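Subject: Structure handover

Hi,

Here is the structure I promised you. Please open it first, then read my notes below.

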Amino acid sequence: MPTPLVVHDVAKTFTMHVRGGVRLPVVENVSFSLKTGECAVLGGPSGVGKSSILKMVYGNYAVDTGEIIVKHRDALIDVARADPRTVLSIRRETIGYVSQFLRVVPRVGALDIVAEPLVERGMPRDAARERASVLLARLNLPERLWHLPPATFSGGEQQRVNIARGFITDHAVLLLDEPTASLDAVNRQVVIDMIEEKKTAGVALLGIFHDADVRERVADRMVDVSAFAPARAA
Amino acid sequence: MSTDTIEDAPLLKVAGVSKFYGSRIGCENVSFELWPGEVLAIVGESGSGKTTLLNCMATRLNPSSGTVYYRMRDETFRDIYRMGEAERRLLMRTDWGFVHQNPADGLRMTVSAGANVGERLMAVGERHYGEIRASAIDWLGRVEIAGDRVDDEPRAFSGGMRQRLQIARNLVTRPRLIFMDEPTGGLDVSVQARLLDLLRGLVGELGLSAIVVTHDLAVARLISHRMMVMKDGRVVEHGLTDRVLDDPQAPYTQLLVSSILQV
């Protein structure tokens, strides 16, 4: 099976310069890979560095050492060393990300937020909105909210906008940071179905799920992040 | 935001640019490339050298050393400081735009809104009055100024409207590169949000490259792809905007990010 993502020997430490240069090692020796059509779940207690790993893969956190190799436009690229333009190109075409919280943009309505990743890839706005409305309807977001900016939405409504935005593209790799955290049972089931469909389509998923029930239903494999805890020598 | 126009050459190449005021540093040894469709934010506190750097690139200030190469429409790279004055001025009026913090610095306050927009079209040789006026009204609409204000002078406009008019005036010639100096400074927050949304849309739609000086990190996050952090005239950090803001590496960037008040 093809391997669209390989994380090799990655280490990350935060240095807090405003706190007198305190060093907080987060993870080290992080090594795993993702295969097409599987969902790997990052496991381990809170604070063990699960979100940090997702953010490094997405290029949102800097990587101190190691490599994150992704297959992008038929080339292998190290996200850890890629320049900003390349990272943006990877995000547009190869790696999608559903964050825990929606970052709202003033004045932009929910439907356009969801459609944006397709518009950025050159799809006409009307066609992109059409696709966005199908997803929002599937996630049971009331239609009267579609044209409103989500700033005033509830946590669960914002999360569904976020999920629709992340799932609308056909990226080969999809990162999920607690996508079901603030959803009710009905919508949780919708997300589980959507994850299954992504797997069938050959997408490689890497997720964090605190909800044990969801985790067991979607996970093909666990990656235990506790195993990457830094040696407490320092 | 889109950077779909990935081409194989940058639009602007800045190498080793320094500006000294006597023995005082304005900015020192700044190098970077700007690509088509890319928005670069330059952030830092007052006196960090960000506006000096912007002015050095926009030919408003002569750098003490360094070069600024621009890719012309004929695909040749030209050192903007080795161009003749007339050619440079034509570039500024057609292929480039400059949005000032204070709209009064970029507008002619005593001629009509329509004339403010039309003036740049005339500078590129447009002579047909009806077409100039139609173009002006179209651009006023795109920056959300009602067409029936076309004959009003900007003196009669609010601050937010003036700033939107300044943007229309700059974009009417379809420039490829636009410089902005604190474009949302001095505006109310709700007015700021509207302007930012508008800028974000226009930049994406027109595939513009932009260099935006701002001290407001939220503005940088919303509209830029890449961010350069300056302190005492030097670049202390440079990278993907969300990476710099969410995982700042330099001590000064960490201080800036941690000083933002949360609402």
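Start with Leu24(A), which sits in strand S2 (residues 22-34) of chain A. Helices (H or I, at least four residues) and strands (E, at least two) are DSSP runs, numbered from the N terminus. At 40% relative accessibility, Leu24(A) is partly exposed. Buried means under 20% relative accessible area, exposed over 50%, and partly exposed in between (1.4 Å probe, protein chains only).

A word on the basis: this is a predicted model, where local features need pLDDT of at least 70, side-chain atom pairs count only at pLDDT 80 or more, and totals for chains, interfaces and linings use all residues. Residues are numbered from 1 along each chain as its sequence is written, chains are lettered from A and ligands numbered from 1 in the order in which they are written, and side-chain values use heavy atoms, without hydrogens and water.

Next, salt bridges (a side-chain nitrogen of Lys or Arg within 4 Å of a carboxyl oxygen of Asp or Glu). The whole structure has 36 of them over all chains.

Arg138(A) pairs with Glu197(A), with the closest N and O atoms 2.7 Å apart. This pair links helix H4 (residues 125-138) to helix H6 (residues 185-200) of chain A, 59 residues apart.

In chain B, Glu182(B) bridges to Lys50(B) at 4.0 Å between the closest N and O atoms. Glu182(B) is in the loop between S7 and H7 and Lys50(B) in helix H1 (residues 50-57), so the pair ties together parts 132 residues apart in sequence. Both Glu182(B) and Lys50(B) are buried.

Finally, Arg107(A), Glu144(B), Arg194(B) and Asp197(B) form a salt-bridge network.

Best wishes
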